[in-house]
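These are my notebook entries on a structure I am reading for the first time. I set down what I looked up, topic by topic.

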Amino acid sequence: MQTWIALLRAVNVGGTGKLPMAELRSMCEQAGFADVRTYIASGNVVFRSALPEREVVAALESPLAAYAGKPVGVLVRTAAEMAAVRAANPFPDAPGNRVVAIFLDSPPPADALEHASGRKHEAMALGRREIYVHYGDGMADSRLRIPAAKAGTARNINTVAKLAAMAAA
């Protein structure tokens, strides 16, 4: 069985998409996933399953849509992929709470960063299926918009590291 990390999009962020983590754990267990653990209340769950990636996503999207009354984006990574995201952080000297990995379903277009708008002091880099952003001045006042990241979901590097560690345990 493979260890997976599922990242839900727009869950418990800014008052939208309320989903108690106990409910998320229950959905995962009902989908047949084993050793289900959540991390912070923003839609992060680690579990084991023999299903391939697309089937893991489908097994979560259906009950989530039923619960929320609308589609909820689900992006997944294996334990090894999450560790690789952490290791590939192009801003290793920056505070982990100021660097995010925006997780995508597929590789970002080569010109994704050229189409970003509202950039001030942010630094960006492309990853395998991620876009990394270092918010030098913090995220609160950033106006950065990256069209290629619209369907993605972001986690700061501290969270990426914790999820990688949970998945490795």
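Predicted model: local features only at pLDDT ≥ 70, side-chain atom pairs only at ≥ 80, totals over all residues.

Entry 1: I first looked up helix α3, where Ala79, Glu81, Met82 and Val85 are the buried residues. Viewed down the axis of α3, these buried residues lie within an arc of 165 degrees, so they line one face of the helix. I noted the reason for such a pattern: an α-helix has 3.6 residues a turn, so residues three or four places apart point the same way. On the face of α3 turned away from the buried side I found the exposed residues Ala80 and Ala87. I then asked what covers the buried residues of α3. The cover includes β1, β4 (74–78), β5, β7 and α4.

Entry 2: the nonpolar cores. I looked up the largest nonpolar core, which has 20 residues; Ile5, Met82, Phe103, Val160 and Leu163 touch the most other members. At least two residues of this core come from each of β1 (2–8), α3 (79–87), β5 (99–103) and α4 (157–168). Helix α4 gives the most, with six residues. A second, separate core holds 19 residues, among them Met27, Phe47, Val56 and Leu64.

Entry 3: strand β5. Is β5 mostly covered or mostly open? I found it mostly covered, as five of its five residues are buried. On one side lie Val99, Ala101 and Phe103, on the other Val100 and Ile102, and both faces are covered. In a regular strand the side chains alternate between the two faces of the sheet. I next looked up the partners of β5. With strand β7 (residues 130–135) it pairs in the antiparallel sense over five bridges, and alanine 101 stands opposite tyrosine 132 there. Strand β8 (residues 153–156) also runs antiparallel to β5, joined by four bridges, with valine 100 opposite asparagine 156.

Entry 4: salt bridges. I found five salt bridges in the structure. In one, the side chains of arginine 48 and aspartate 35 meet at 2.5 Å, N to O. Arginine 48 belongs to strand β3 (residues 44–49) and aspartate 35 to strand β2 (residues 34–39), 13 residues apart. Arginine 48 is partly exposed at 31% relative accessibility, and aspartate 35 is partly exposed at 46%.

I then looked up glutamate 53 and arginine 129, whose closest N and O atoms are 3.0 Å apart. Glutamate 53 lies in helix α2 (residues 53–68) and arginine 129 in the loop between β6 (122–126) and β7, so the pair ties together parts 76 residues apart in sequence. Glutamate 53 is partly exposed at 26%, whereas arginine 129 is buried at 7%. Glu53, Glu81, Arg128 and Arg129 are linked in a network of salt bridges.

Last, I checked arginine 77 and glutamate 130, whose side chains meet in a salt bridge at 3.1 Å, N to O. Because arginine 77 lies in strand β4 and glutamate 130 in strand β7, the pair ties together parts 53 residues apart in sequence. Arginine 77 is buried at 1% relative accessibility, and glutamate 130 is buried at 4%.

Methods: Residues numbered from 1 in each chain as written. Heavy atoms only, no water. Core = buried A, V, L, I, M, F, W, Y, C linked by side-chain atoms within 4.5 Å. Buried < 20%, exposed > 50% of the residue type's maximum accessible area, 1.4 Å probe, protein only. Pairing = 2+ DSSP bridges. Arc of directions from axis to C-beta. Contact = heavy atoms within 4.5 Å. Salt bridge = Lys/Arg side-chain N within 4 Å of Asp/Glu carboxyl O.
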